[in-house]
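Please have the sequence and the structure open while I talk.

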Amino acid sequence: MGNKEQSRVMYDIRESGIHNRGMFARERIKKNSLVVEYIGEKISKKESERRGIERMEEARRDGGGAVYIFELNKRFDIDGNVPENEARLINHSCSPNCEPRVINGQIWIVSLEVIETGDELTYDYGYDLEHFLEHPCRCGSKKCVGYIVRTDKRGKLKRILKQHRKREKKKR
Ligand SMILES: C[S@@+](CC[C@H](N)C(=O)[O-])C[C@H]1O[C@@H](n2cnc3c(N)ncnc32)[C@H](O)[C@@H]1O
Ligand SMILES: [Zn+2]
């Protein structure tokens, strides 16, 4: 049985409380399992940059155009915006139970802990602070700061939001 067939039985895709559709554990998943391969088109860094800018502009215009590009190595990225890439349906969480890893030239979504049947699979989208207001987070985790921002930037964002609330209070 190939990896793709094997991973198929590990998850279901259905409506998510976080956003639209998401990926859920069909069975108990052990820590460090290769849950699903993040497949897509292999593109150069130059093309990746062009598509990244284009999709961000689309997102700003109409709220669509999510970016599905992952770093594969120093020369190439993977654009996962292809219908056969089911891993693109995984939502972000500020307390993720999975993470993307490059393994033997492929990108895999790997479990960080034991995941119980029915739990939603998530990873940290790793977004930078820039334009954080455009990415409100509804992951529901205790660690959530309300916006999709990568772990090491959350402290800084908390401080920015605190100052913002203080300023708003003074205005009233
Ligand atoms: C790669 S898609 C994930 C699949 C998406 N739920 C769907 O059904 O198409 C990325 C988009 O999902 C939404 N999303 C993912 N995680 C989210 C979260 N924690 N909070 C709010 N929206 C989220 C955002 O709109 C994001 O641009
Ligand atoms: Zn969150």
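This is a predicted model: local features need pLDDT of at least 70, side-chain atom pairs count only at pLDDT 80 or more; totals for chains, interfaces and linings use all residues.

**The cores, the sheet and the loops**

Let me begin with the largest nonpolar core, which has 18 residues, and among these Tyr 11, Ala 25, Val 35, Tyr 38, Ile 90, Ile 109 and Leu 121 touch the most other members. By a nonpolar core I mean a set of buried Ala, Val, Leu, Ile, Met, Phe, Trp, Tyr and Cys residues joined through C-beta atoms within 7 Å, and a residue is called buried if 20 or more other C-beta atoms lie within 10 Å of its own, exposed if 12 or fewer, and partly exposed in between, with C-beta atoms placed from the backbone. Two or more residues of this core come from each of β2 (21-25), β3 (34-37), β9 (106-111) and β10 (120-123), and β9 gives the most, namely three residues. The element names follow DSSP runs, numbered from the N terminus, with helices being H or I of at least four residues and strands being E of at least two.

Residues are numbered from 1 along each chain as its sequence is written, while chains are lettered from A and ligands numbered from 1 in the order in which they are written.

Which residues does Tyr 38 touch, not counting those up to four places away in sequence? They are Phe 70, Ile 78, Gly 80, Asn 85, Ala 87, Pro 100, Ile 107, Trp 108 and Ile 109, where contact requires that the C-beta atoms of two residues, placed from the backbone, lie within 7 Å. There is also a second, separate core of seven residues, and it includes Phe 132, Cys 137, Cys 139 and Val 149. As general background, nonpolar side chains tend to be buried together in soluble globular proteins.

Turning now to the sheet, three strands form an open sheet with antiparallel pairing, in the order β4-β6-β5; strands count as paired if DSSP finds at least two bridges between them. Because β4 (41-44) and β5 stand at the edges with a single partner strand each, one side of each is left without a neighbour in the sheet. From one strand to the next the twist averages 35°, the axes being lines fitted to C-alpha atoms, for helices over the stretch in contact, and the angles running from 0 to 180 degrees between N-to-C directions. Helix α2 packs on this sheet and touches β4, β5 and β6, with its direction at about 100° to that of β4.

Looking at the pairings one by one, β4 and β6 run antiparallel and are joined by four bridges, and here Ile 43 stands opposite Asp 77 in β6. Between β5 and β6 (residues 76-79) there are three bridges, again in the antiparallel sense, with Phe 70 partnered by Ile 78 and Ile 69 by Asp 79, and the hairpin that joins β5 to β6 runs through four residues.

Tyr 68 counts as partly exposed because it has 18 C-beta neighbours inside 10 Å, and, beyond its neighbours within four places in sequence, Tyr 68 is in contact with Gly 40, Asp 79, Gly 80, Asn 81 and Arg 88. Its C-alpha atom is separated by 9.8 Å from that of Tyr 125, which is 57 residues away along the chain.

A further antiparallel pair is made by β1 (residues 11-15) and β2, over five bridges, including the one between Arg 14 and Gly 22. Five residues lie between the strands of this hairpin, and one of the hairpin's residues, Asn 20, takes a positive phi near 40°. Asn 20 has 8 C-beta neighbours inside 10 Å and therefore counts as exposed. In the loop between β2 and β3 sits Asn 32, which has a positive phi of about 65° although it is not a glycine.

Finally, is helix α3 (residues 154-171) covered or uncovered? It is hardly covered, since the count of buried residues among its 18 residues is zero.
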